[in-house]
Amino acid sequence: MSRAATTASESRSLHRFANPARFLRAADAVYPWALAGLVVSLGIGLFLALFASPPDYQQGDTVRIMYVHVPSAWMALFVYASMAAGSASYLIWRHPLGVITAKAAAPVGAAFTFLALATGSLWGKPMWGTWWVWDARLTSVLILFFLYLGYIALMNAFENAERGQKAASLLCLVGVINLPIIKFSVDWWNTLHQPASVSRIGTPAIHESMLWPLGLMALAFTLYFIVVLILRTKSEMLNARLRALGVADLGGR
Amino acid sequence: MTRKRRRLHVALLGLLSLGTATALVLTAFEDNLVFFVSPTKIAEEGLEPDRYVRIGGLVEEGSVQQLEGNRVLFRVTDLAHAIPVTYDGILPDLFREGQGVVAQGSIGADGEIFVAREVLARHDENYMPAEVAEALQASGQWRPESGQPPPR
């Protein structure tokens with residue numbers, strides 16, 4: 001395998017973070033803090049979101065769906081963006097860590113996207129009067145979900161693991177074009193989905209008493225992603241090492 | 001090192017051309033990408049009797065009338081033009097005067113009144129507790145029916 005040689009040569013500048021050994025050391029240092037932060041922020045966030053925050057003046061208690069829906073949607077975009085960064089570093093500089101982390105992140109991102117779509121649907125029925133419409137925001141997020149599924153499928157579609165990695169990474173990079181479309185769909189076109197409340201020019205359109213639980217939930221979701229990413233990346237690295245040693249793939253893919 | 005450079009350039013060029021192509025396609029299909037059209041656009045361009053469209057705007061303040069049965073008559077406005085709409089059915093919870101609405105249907109036989117087959121409520125990006133909304137309205141700082149966002 002030329003993999004060892006590739007990684008050994010990359011010890012300068014930004015590329016040093018792509019060194020698997022360094023990544024493992026950093027991951028082990030971050031992991032307990034991320035886990036503790038996840039427990040605390042999820043606990044306080046859920047309590048505030050479900051019990052302590054006020055009902056909305058228009059939507060009543062239905063607004064509580066927001067505290068799951070909005071962070072899921074943010075993470076759906078964030079996870080894809082980080083996968084794209086990993087894929088680029090793999091395709092351009094051949095950093096194996098890039099594709100390993102992207103592969104590890106894909107099912108998590110797909111789950112976040114599914115959660116955003118499902119909670120959005122449950123929210124849409126009582127508020128808009130429909131489970132689903134083909135407006136630009138909803139459709140572009142559905143495409144993101146299929147991009148995640150396509151990535152996972154392509155990654156596993158080849159006998160030769162490296163071919164799968166290259167094809168899937170390329171798909172991931174091409175799909176990046178969808179991210180600005182999702183973000184700005186509500187500004188560029190008329191949509192049933194309302195425009196952004198938090199990430200907009202000027203102050204957020206959410207009252208402080210609702211912004212805090214939303215922020216905490218977003219932090220919890222981010223930390224959850226970090227925790228799961230570390231665990232999945234480590235097992236993926238062990239798997240790759242087993243394959244390199246010629247041991248049959250024991251733990252599935 | 002030069003091969004890495006070259007791959008970087010290929011990737012950047014690829015993304016750039018992909019972005020341009022996507023932008024051109026999206027611009028070309030703009031009319032099909034909007035979920036609804038505004039009353040102003042319809043006032044400018046007219047509407048053929050059997051064309052099925054969605055119109056969107058605010059439910060005009062004071063325009064909602066209950067007719068016989070479940071039928072309602074209201075006006076959809078974008079604060080420049082307004083279109084009268086009838087609908088026979090159950091309205092969504094968020095349907096109220098001054099709120100966003102999307103009505104799907106076609107212009108009636110008389111060429112004046114829009115007959116909706118489906119009415120969806122649209123909510124804005126503002127979230128706040130009821131007390132804050134009441135306080136803002138009581139102090140006269142915010143009139144939701146104006147279609148303007150609350151002051152910060």
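Author: Let's settle burial before anything else: a residue is buried if 20 or more other C-beta atoms lie within 10 Å of its own, exposed if 12 or fewer, and partly exposed in between, with C-beta atoms placed from the backbone. What you're looking at is a predicted model, in which local features need pLDDT of at least 70 and side-chain atom pairs count only at pLDDT 80 or more, while totals for chains, interfaces and linings use all residues. Residues are numbered from 1 along each chain as its sequence is written, and chains are lettered from A and ligands numbered from 1 in the order in which they are written.

Now to the inside. A nonpolar core means a set of buried Ala, Val, Leu, Ile, Met, Phe, Trp, Tyr and Cys residues joined through C-beta atoms within 7 Å. The largest one here holds 84 residues, and the members that touch the most others are A:Ala76 and B:Ala103. Helix H3 of chain A, residues 66-93, gives the largest share of this core, with 16 residues. Helices (H or I, at least four residues) and strands (E, at least two) are DSSP runs, numbered from the N terminus.

Take the chain A side of the story. Chain A has eight helices and zero strands, and 38% of its 253 residues count as buried. Call two residues in contact if their C-beta atoms, placed from the backbone, lie within 7 Å. Of the chain A contacts with a separation of 6 or more, 73% are between residues 24 or more positions apart.

A:Ala76 leads us on to A:Ala111, 35 residues away in sequence but 8.2 Å away in space, C-alpha to C-alpha. A:Ala111 belongs to helix H4 of chain A, residues 96-127, and is partly exposed because it has 17 C-beta neighbours inside 10 Å. Leaving out residues up to four places away in sequence, A:Ser121 touches A:Trp131 and A:Trp132. Its C-alpha also sits 9.8 Å from that of A:His69, 52 residues away along the chain.

Between H3 and H4 of chain A there's a loop, and A:Arg94 lies in it. Its phi is near 60°, a positive value in a residue other than glycine. A:Arg94 has 19 other C-beta atoms within 10 Å, so it is partly exposed.

Helix H2 of chain A, residues 20-52, packs in from another direction: its buried residues are A:Ala34, A:Leu38, A:Ser41, A:Gly45 and A:Ala49, and they pack against H3 and H8 of chain A. H2 of chain A bends by about 35° at A:Val30, with a proline, A:Pro32, following within four residues; the bend at a residue is the angle between axes fitted to the seven residues ending there and the seven starting there.

What about the place where the chains meet? There, 37 residues of chain A are in contact with 33 residues of chain B. On the chain A side, H3 gives the largest share, four residues. That side has 24 nonpolar, eleven polar and two charged residues, where Ala, Val, Leu, Ile, Met, Phe, Trp, Tyr, Cys and Pro count as nonpolar, Asp, Glu, Lys and Arg as charged, and the others, Gly among them, as polar.

Over in chain B, go back to B:Ala103. Its contacts beyond four places in sequence include B:Ile55, B:Val76, B:Tyr87 and B:Phe114. B:Ala103 is the bridge partner of B:Ile55, in S5 of chain B. Two strands pair if DSSP finds at least two bridges between them. Strand S1 of chain B, residues 53-59, runs antiparallel to S5 (residues 100-107), joined by six bridges, and antiparallel to S3 (residues 71-77), joined by two.

One last stop is B:Leu79, in the loop between S3 and S4 of chain B. Its phi is positive as well, near 75°, and with 14 C-beta neighbours inside 10 Å it counts as partly exposed.
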